[in-house]
2 protein chains.
Amino acid sequence: MEKWRAADRLLKFSSRFASAVNWNNSCKSKQGKYFYSVATTVHRNPLFSIISPDDISYFKTLLGERGVVQDALALDAANTDWMGKYRGSSKLLLQPKNTEEVSQILKYCNSRCLAVVPQGGNTGLVGGSVPVFDEVIINVGLMRNILSFDKVSGVLVCEAGCILENLISFLDDEGFIMPLDLGAKGSCQIGGNVSTNAGGLRLLRYGSLHGSVLGLEAVLANGTVLDMLGTLRKDNTGYDLKHLFIGSEGSLGIVTKVSILTPPKLSSVNIAFLACEDYTSCQKLLLEAKKKLGGILSAFEFLDSDAMSLVLKHLDGVRNPLPPSIHNFYILIETTGSNETFDKENLEAFLLHSVESGLVANGVLAQDINQASSFWHIREGLPEALMKAGAVYKYDLSLPLEKMYDLVEEMRVQIGPAAKVVAYGHLGDGNLHLNISAPAYDDNILAKIEPFVYEWTSKNRGSISAEHGLGLMKAAKIHYSKSPETVQVMASIKKLLDPNGILNPYKVLPSSLLSQN
Amino acid sequence: MEKWRAADRLLKFSSRFASAVNWNNSCKSKQGKYFYSVATTVHRNPLFSIISPDDISYFKTLLGERGVVQDALALDAANTDWMGKYRGSSKLLLQPKNTEEVSQILKYCNSRCLAVVPQGGNTGLVGGSVPVFDEVIINVGLMRNILSFDKVSGVLVCEAGCILENLISFLDDEGFIMPLDLGAKGSCQIGGNVSTNAGGLRLLRYGSLHGSVLGLEAVLANGTVLDMLGTLRKDNTGYDLKHLFIGSEGSLGIVTKVSILTPPKLSSVNIAFLACEDYTSCQKLLLEAKKKLGGILSAFEFLDSDAMSLVLKHLDGVRNPLPPSIHNFYILIETTGSNETFDKENLEAFLLHSVESGLVANGVLAQDINQASSFWHIREGLPEALMKAGAVYKYDLSLPLEKMYDLVEEMRVQIGPAAKVVAYGHLGDGNLHLNISAPAYDDNILAKIEPFVYEWTSKNRGSISAEHGLGLMKAAKIHYSKSPETVQVMASIKKLLDPNGILNPYKVLPSSLLSQN
């Protein structure tokens, strides 16, 4: 996940971005059509009911006045994603206070065939968390209790509306950390993190949420509460259904409680910034780092020379950390361990060996927290630098490590001199953030990028969405990463658990599959 | 997972064990009934067809003579589980050589309504891998190719019939290890490991297979091949269906290929054997170990004084590692890291601090490989010692850590002087192996254990199967660990993916749920 703290400060750029990619307010729901790209149109499903005064009365009786939001300003915020790129026209936001209320809401909506969109912190990047048309928005933000924490096992159980940063603060006092960290942590909710299988900055070290989430409570479309809220590391009793709700973007159920394994906080953090002259060396360095740094390796990020030049040009106060020249590739390595002396010596020995063996052309170990921050700022400042440089086409891809940079090079040939291809990402996770930076948005450039980038990714068994999800943006593109048979089974499971299709419609899966019976 | 190497040598005990728990050959399929406990009877599903000569001809045409096994000796072995506790009466064992053959077999069986049992190394403990009646046995043991290995990412792709030990050897040459290790590794197949979500000795360090398996290929009951064989750490494109096949014990599909993330082999291993005087100290020690040893902690096993006394009495050549007295609890700690000097100093400092703080009453750090082996032998020798001591009732439970030993103490009160309650297990994973050791099997003792042990586990939100699965043994007991709504959804998914119920029938889920429509 690109750290969003930097991007948060850039909301002023969003209107330019939106218009340039043919997104603007005039695209929102008109005569039941929603345009989300030049080529694709989504139609409102006519089977869904329209909110009636009786519905509002029911919800007010159920939730009280406070739980039923019809205020225009609040609705406008909830209808719009944080980039200002996606906009719905919902007339109703519901704020349940507990699982039973979520269950009653869904039971009612299902019986009335009212479509709903589950919304957490609304920090998604693919239009998954806002209505497409007039879906009822359900936000569990009032469900924000920490239910239990076991200091020995490190298992935290909490309600889905807990904001990630609040959980991080709570755990900090207990000497633990969350196994995921995102730039959006100040707004995003753990229920949303789980529902989107958020990746983030700690995945290399602590793995995906499929590994660290131990249990869930989720409410199905018909109001059935599934209690899968185990706190156990090992439980082989039947099918592990919670995984269906991790990463299904709220389309199979609404997550109401989460049980998660949290690692102890470790005191010793070290950061190095290195230069490599070719991509093969970057790969070898990663292999060596895994071997030599073993359990303490916590980040292995990379950027290429175009990315570094961009940062140096557009970000204030950033200096070349390895002067005087620009190298072909840069690697940021972070270690997190429990022993300051050992860990630092370990990293120093590794770096020395890497330089001697020729893998690393140059490098520096952060001597203090300021230097460490400045190294992270180069990597984290990339989205900001790209926005400042002009128009940018952004892709979030997973690719086999040995192929990853081939795409970047082929894209450069494909695009020619019209735009710059800028590559960076979580090399340790095989996750490439591919950015095409141009003076202005231009359909001729876009035509050179798409479908080339998706086809290339598909051909090399990559993923067209490493960590952002499919949402509305890529629901119709799932076949680039998943086989027809697999997508068909997904559709069958969707129809099994949500036969009326009320949960987050138009997203994740192609609508055409869901209307077939 | 209890290491089965010890138990393998004990097959001579299996007949005594079998008769004492009312298992013997006379229990096998008679008039369509199969007795698997005093209280429970399973009836053959009359909807399933019986193998005909035409079926045999079809399979011979499809697989060739070699792939169709009807030899009595081979069938006897495949019909019987390794403990000699479960026994089916299948007349046919099929050995496909590739996914296409598996697909054709299942398509045919589904159309003919022939029940099948997928069988790997047949090392399961709960009757999941052998036929209950006359199900066709499908063993993918001929599909044993390693398809690819990426040294940089550590991703191994192989066919499901690969024996775990062969994969371990292959990776050893490459400088990597499998993220799981089991005593049964010489026989068990990776497809079976995945299908049963095998736990084992490395779970504390590397997590469950839900985290480390990156992709799967599986064949559904109707022959559809699901290609979910990704090699990516991050892929958020639709529902992550592979998790349905991890731990569903072959009842949703047959796993044919596996993609798995393997960690680099680390050179430095250290082992300490410690004594604690109370269970609270054991828990605190675990917390301290997680904090102080951070990423290098690779095992945290425990046994109680009764377990130690048993080992000292019944295992040849074992000496009290912390003489002269027997302490209340023993902890085995293993660290695995990349730097011999640092890791050893780290562990020594941790141990010193633990002794000074009073958590540890006594302790010793292994000085060489022989001493390390002798410490592991105490923990691994427990199943053998228990078998030598007489009759043993074995339970594999996950429990919240702080409650775990309460069950042991309550069980002692419950049982009284009639039997010894012996506790050991993977404390670091919250996994208790609870053993009740008696001079002989006795229904009065069993009546004191069951359903008490299941009810207690259920009341404390534990799991009645931490790592062994449900199989035939506990299919009807799933409600002790899973809510009715959750079990109902499992049954719906089973019916969706296997409408005729041909895949591993009578297991995992209560048959009563599957016959409802």
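Q: How many residues does the contact take from chain A and from chain B?
A: Contact means heavy atoms within 4.5 Å. Here the contact takes 89 residues from chain A and 90 from chain B.

Q: What should I know before reading on?
A: This is a predicted model, in which local features need pLDDT of at least 70, side-chain atom pairs count only at pLDDT 80 or more, and totals for chains, interfaces and linings use all residues. Residues are numbered from 1 along each chain as its sequence is written, chains are lettered from A and ligands numbered from 1 in the order in which they are written, and side-chain values use heavy atoms, with hydrogens and water left out.

Q: How are chain A and chain B related?
A: Two copies of a chain are related by a rotation about an axis and a shift along it. To compare them, copies are superposed by least squares on the C-alpha atoms of residues with pLDDT of at least 70 in both. Chain A can be laid on chain B with an RMSD of 0.0 Å, by a turn of 180° and a shift of 0.0 Å along the axis. The two copies are thus related as by a two-fold rotation axis.

Q: Through which surface do the copies meet?
A: The same one, because 100% of the interface residues of chain A are also interface residues in chain B.

Q: What area do chain A and chain B bury between them?
A: Buried area is the accessible area (1.4 Å probe) that two parts lose on being put together, summed over both. Chains A and B bury about 7,000 Å², 60% of it on carbon and sulfur atoms. A:Lys234, A:Asn236 and A:Tyr239 supply 15% of the area that chain A buries against chain B, more than any other three residues.

Q: How many salt bridges cross the interface?
A: A salt bridge is a side-chain nitrogen of Lys or Arg within 4 Å of a carboxyl oxygen of Asp or Glu. The rule finds eight across the interface of chain A and chain B. In a salt bridge, A:Arg461 meets B:Asp227 through their side chains (2.9 Å, N to O).

Q: Which element gives the most to the side of chain A that touches chain B?
A: Helices (H or I, at least four residues) and strands (E, at least two) are DSSP runs, numbered from the N terminus. Several elements give two or more residues to that side, including helix H13 (340–356), helix H16 (401–415) and helix H19 (484–497) of chain A. H19(A) gives the most, with nine residues.

Q: How do the seven strands of the open sheet in chain A pair?
A: Strands of a sheet pair through backbone hydrogen bonds, either parallel or antiparallel. Two strands pair if DSSP finds at least two bridges between them. In chain A the order is S15-S12-S14-S13-S17-S18-S16, and the pairing is antiparallel. The edge strands are S15 (362–365) and S16 (391–398) of chain A, each pairing on one side only.

Q: How many bridges join S13 to S14 in chain A?
A: Seven bridges join S13 (297–304) to S14 (329–337) of chain A. A:Phe302 stands opposite A:Ile331 in S14(A).

Q: Where are the cis peptide bonds?
A: One joins A:Pro323 and A:Pro324, with omega about 5°. Another joins B:Pro323 and B:Pro324, also with omega about 5°. A:Pro324 lies in the loop between helix H12 (305–314) and S14 of chain A.
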